[in-house]
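Hi,

Here is the structure I promised to pass on to you. Have a look at it first, and then read my notes below.

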Amino acid sequence: MASSVLSLPSATPSASLSSYEINKGKLNLGNTSLCFNKEKTNPFIKTKSFGRISMVLTSNVSRFEGITMAPPDPILGVSEAFKADNHELKLNLGVGAYRTEELKPYVLNVVKKADKLLLERGENREYLPIEGLAAFNKVTAELLFGADNPVIKKQRVATVQGLSGTGSLRLAAALIERYFPGAKVLISSPTWGNHKNIFNDAGVPWSEYRYYDPKTVGLDFEGMIADIKAASDGSFILLHGCAHNPTGIDPTPEQWGIIADVIQEKNHIPFFDIAYQGFASGSLDADAASVRMFVARGMEVIAAQSYSKNLGLYAERIGAINVVCSSPDAAGRVKSQLKRIARPMYSNPPVHGARIVANIVGDSALFKEWNAEMEMMAGRIKNVRHKLFDSLSSKDKSGKDWSFVLKQIGMFSFTGLNKVQCDNMTNKWHVYMTKDGRISLAGLSLAKCEYLADAIIDSYHNVS
């Protein structure tokens, strides 16, 4: 409330004010209230009374009036719109969260078992250290790089538990801003919608390298290489380790080798975002191959991890930031600074998700069961992908090649639809998706593939 103080002679109050109203000490005039104080004064302001009535004018103008309404989140806002739609055939293909064939959220059986074990053990809820749970940090680094990797054995990896992938990326961004002033991060075009927000908020400059080729609905590899070559030496190159979001288009192993060559030649620092290890192909090792290739070449690497998808721990906010350094001493110093950044940001991370991961990865029987469930989830998405391709190919008589659907990997498919066509998908067909044409196959069932194919074909051919 904004306020001001007026003074009126006490001997001549307005004739329109009753003595009751004055003695009560308050008068309401529309959206404005007048407060009269005969004797009481603000204890923090020195005043003198000369027989006058102090009158405080208060108006309903917020001190936050200059703050504008933020636009809805382009991904999470899709779910809100979906919930408000009562159409029986509606589909939510916006948020990347795994669903069963019945389109219900899925809690992994292995997670339920780990939860039960934690309850039986009666673990405490004490604060974790700033860097997180030691057992988690150990297994998450081993899971990504391989337990026998020399960088693990020589203690050359600085690992800090983060608030899932987003929080881990944010820690790394703050590290870049603080210790590599002026360095630029190159991100793919397109990329996950939150990448730009993270670097903007951290004050880290970024630019884009070509990645998606709309003509082929595939990888613009030549453009990607040219842009990485053109970047200033020592830039950070943000790479999606597997299952590129939003396109689902990954480089081949041979292309990954060429990318690594160029990054080494330019003295760039590779920065991996690993959100789908094990969830893309069904194999933890296969999905970590790109990161391990760069590390095997002796390169210093940054890698952020998330367990939202591969363990379904979306709400636990469990992930990690790993920095592979050239020496154990450098790794120790990097870890100390990551902790220094985390302390005023969120103090220390949550414990529950970290214990779940540590217990599952650290127990051979639970680990084996987790691998089987990952294969099942990845397999369901692959089946949906094939069914969608078959439906598109059989229903579309135009001769259009839909094979790009099969060439993509992971939970997303980039349809090639533009914003207007995406609007048609939602407004006419009740299919909710992001406006860049990305759909989450994890939110699709085999039973709904033909309906989705009808929607895509109509939007592609009949809406420009």
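In α3, the residues Asn-109, Val-110, Lys-113 and Leu-117 meet Leu-366, Glu-369, Trp-370 and Glu-373 of α14, where contact means heavy atoms within 4.5 Å. By class, this contact has four nonpolar, one polar and three charged residues. Nonpolar covers Ala, Val, Leu, Ile, Met, Phe, Trp, Tyr, Cys and Pro, charged covers Asp, Glu, Lys and Arg, and polar covers the others, Gly among them. Helix α3 (residues 109-121) and helix α14 (residues 364-395) pack at about 150 degrees, with their axes 8 Å apart. That makes α3 roughly antiparallel to α14 (the label for angles over 145 degrees; axes are lines fitted to C-alpha atoms over the stretch in contact, and angles run from 0 to 180 degrees between N-to-C directions).

Before you go further: this is a predicted model, in which local features need pLDDT of at least 70 and side-chain atom pairs count only at pLDDT 80 or more, while totals for chains, interfaces and linings use all residues. Residues are numbered from 1 along each chain as its sequence is written, and side-chain values use heavy atoms, with hydrogens and water left out.

Helices (H or I, at least four residues) and strands (E, at least two) are DSSP runs, numbered from the N terminus. Pro-181 sits in the loop between α6 and β7 (185-189). Pro-181 is exposed, with a relative accessible area of 67%, whereas Cys-449 is buried at 0%. Buried means under 20%, exposed over 50%, and partly exposed in between (1.4 Å probe, protein chains only).

Enjoy exploring!

Methods: Parallel < 35°, antiparallel > 145°, perpendicular 65-115°, else oblique.
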